[in-house]
Amino acid sequence: MKLFEYQAKEAFSEAGIPIPEGRLAQDAGEAREAARRLGSPCVLKAQVLRGGRGKAGLIQFAESAEEAERKAAGLFASPHGVRKLLVERAIAVERELYLSLALDPVAATAMFIACAEGGVEIETLAAEQPEKIVTVPVDLDWGLMPHHVRELTFGLRLSGDTAKAVGDIAGNLFKVFRATGAELAEINPLFVTKEGGTVAGDGKLVIDDNMGDARGKYPLAPEYFDTQTEYEAALEGIPYLQFDGDIALMCAGAGLTTTVFDLVHYAGGTVANYLEFGGPNYTKAVQAMRLCLKNPSKVLLVVTFGTIARADVMANGLVEAIKALRPTVPIVTCIRGTNEEEAFATLRAAGLDPLYETEEAVRRAVDIAAGRRA
Amino acid sequence: MSVFIDRNTSVEVQGATGKEGAYWLKHMKDMGTRVVFGVTPGKEGQDVDGVPVFHSARRGMKAHPAELAMLFVPPRFTKDAVFEALDAGIRKIVTIAEGVPLHELIQIRKAALSCGAMVIGGNTSGVISPGKGMAGCIPYWIERVYRKGDIGVMTRSGSLTNEVTAEVVKGGFGISTLIGVGGDSIPGTRFAELLPLYEQDQETKALVIIGELGGSMEEEVAEAMEAEIFTKPLVAFIGGRTAPEGKRMGHAGAIVSGGKGSVAGKVAALEKAGGLTAAKPSQVGGLLRQALG
């Protein structure tokens, strides 16, 4: 789960990484008050999870509390779903660095990635100037050692107090990374100030959904999701993505659902939602269908090829969901796998016309959505 | 010979007395797999379908040496169970659990690399050489999916494997060995690391890989083909061609980020290396016939 900037910075600060003095504001009045207390000039940073906030105008400078209030009102009214602003005292920046920790799935280590030029996206830098990037692998069982830090700071051509400060930040970033089981901990830009200090200008922290301890601190909330239905699906533990097309996918298995998603597009159709109720969720047909029906669609397409997630159990679940929710959209099914004969019988008894081939089922759903058949 | 598991491979099952473990242990045996002992702490002296159970892998190994450990263990105990098998001297491990913390997956892979072991999974249904041996939870009895033959299969997905493998069988072929490396972003063993096994295996004439968006495993296969580490015909189906960037499509590993991991890039790399790629599962059988001349 990707955290908001203010949460990442809180975690960084608790680990001893310097962050700019700042306050959280939930409306324009609070932004004005925050700016007054912090003093001008200040920066207003919209707390949204998308990248590229600068280009999207979601980061604004204000020279006074009045200007902060006016600009905050604009940000809250923007179409980006801004619920919170981080108001920070502006910093006199001498230079910007890039520093992050990620996992290397091939070498099976953690990996520091650093660059003497921060502020730009690391992907851009990696593509255009790979020679400027310093990488230092760190074995998770060995932990961070002084030579790793030296490798990093010499690689960045830092010296003196700045080298020491950046080294300390790297050590503390490693602590946060390990404590949250993070996929990514990033400081971009890492400011070196005109006074010679070092401050995390931004913070990105993607924590592991499977780390119970870290997750407990950040309970699921609607603000992490683009839509209410995505939030409700997450509460059920059902993978769900919202789109704006015609065909609601209620499929089982991540790989198969993704393939059905492709096949719908190849056949000229559009997807209303991606929903996957395989694995441990295969008995959750009622919840799955309820989520699909929250979204306007022209047809519900059910494709499964389950083994542990047995076909007969899925067919029973689907029929039960139809009885409970009485959907008005037509349903196309292609439920196969363990005990598929029983599944077919169950579906036929419920008045459905079960199909056996995924691509045929996709064609039928696309035809129904296009009004070519009922 | 087969790849990874055949009828002589001795297997121990950790988590043998659990609901899943006991159910699949029996199926593994019924298919002909040589299951020599089970492990459940506190249950030594019991048996599961005639297979003796021990407190630990080391205690079991003293009585019944095993080459392969099959783990039916929940995600929070998986790291310990893998290390227990390694400590007992086992160098082939299959783990099915989904949801093992990322840092632990890194540590598991690192440990395996360090001692020359191979950990298959997590988040997989396992490994099967039809008619010979199975380590996992694969319904070998579905004949139209798991018929014995001479096509190797490597996959990142369970449900999609059934879909694609059914097309292999429909095309008149069968499976030599199928290995599910799993849907996680940090699999214990990567596609390219299995290629030398399929290259050597005389019972494998061609290889099907079932990949998806995200990561770099398919690109690594293309590199191994370019380097002639793998020279047999290869057909790939890769899901997620129309997936939008930045969205995680079900599996933890299935996400395109920073422009990397796109299906278009994977398809281009594999085709350049001489592989054939199917846009739809139904094309796999025909491409195999084409590849095998």
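**A helix, a strand and their setting**

Tutor: In helix α1 of chain A, the buried residues are Glu5(A), Tyr6(A), Gln7(A), Ala8(A), Lys9(A), Ala11(A) and Phe12(A). Buried here means under 20% relative accessible area, with exposed over 50% and partly exposed in between, for a 1.4 Å probe and protein chains only. The helix spans residues 5-14, and seven of its 10 residues are buried, which leaves it mostly covered. After α1(A) comes Gly16(A), with a positive phi near 100°. Helices (H or I, at least four residues) and strands (E, at least two) are DSSP runs, numbered from the N terminus.

The model is a predicted one, in which local features need pLDDT of at least 70 and side-chain atom pairs count only at pLDDT 80 or more, while totals for chains, interfaces and linings use all residues; side-chain values use heavy atoms, without hydrogens or water. Residues are numbered from 1 along each chain as its sequence is written, and chains are lettered from A and ligands numbered from 1 in the order in which they are written.

With strand β5 of chain A (residues 93-104), the pairing is antiparallel and extends over eight bridges; here Ile187(A) of β8(A) stands opposite Leu99(A). Strand β10 of chain A (residues 204-206) is likewise antiparallel to β8(A), over three bridges, and Lys204(A) in β10(A) faces Glu186(A). Strand β9 of chain A (residues 198-200) pairs with β8(A) in the antiparallel sense through three bridges, with Thr198(A) as the bridge partner of Val192(A). β8(A) and β9(A) form a hairpin with four residues between them, and Gly196(A) in its turn has a positive phi of about 95°.

Chain A is divided into domain 1 (21-89), domain 2 (93-216) and domain 3 (231-369), the bounds coming from an automatic or database domain assignment. The centres of domain 1 of chain A and domain 3 of chain A, over C-alpha atoms, are separated by 43 Å. Gly143(A) lies in the loop between β7 (133-138) and α5 (146-155) of chain A, and is buried at a relative accessible area of 14%. Leaving aside residues up to four places away in sequence, Gly143(A) touches Val138(A), His148(A) and Phe174(A), contact being heavy atoms within 4.5 Å.

Chain A meets chain B through 48 residues, which are in contact with 49 residues of chain B. Together the two chains bury about 4,000 Å², 58% of it on carbon and sulfur atoms; buried area is the accessible area (1.4 Å probe) that two parts lose on being put together, summed over both. Of the area that chain B buries against chain A, His103(B), Arg144(B) and Met249(B) supply 17%, more than any other three residues.

Chain B itself has nine helices and 14 strands. Its radius of gyration is 18 Å, close to the 19 Å of the globule rule for 293 residues, so chain B is as compact as a globular protein of that length. That radius is taken over C-alpha atoms, and the rule is 2.2 Å times the number of residues to the power 0.38. Buried residues account for 60% of the 293 residues in chain B.

The domain assignment of chain B gives domain 1 (1-123) and domain 2 (142-293), with C-alpha centres 26 Å apart. Their contact involves 16 residues from domain 1 of chain B and 21 residues from domain 2 of chain B. The area buried between these domains is about 1,600 Å², with 54% given by carbon and sulfur atoms. Val3(B), Arg109(B) and Asn123(B) supply 38% of what domain 1 of chain B buries there, more than any other three residues.

An open sheet of seven strands in chain B has the order β3-β4-β2-β1-β5-β6-β7, with mixed pairing. Strand β6 of chain B (residues 92-95) runs parallel to β7(B) and is joined to it by four bridges, with Val94(B) opposite Ile120(B) in β7(B).

Methods. Two strands pair if DSSP finds at least two bridges between them.
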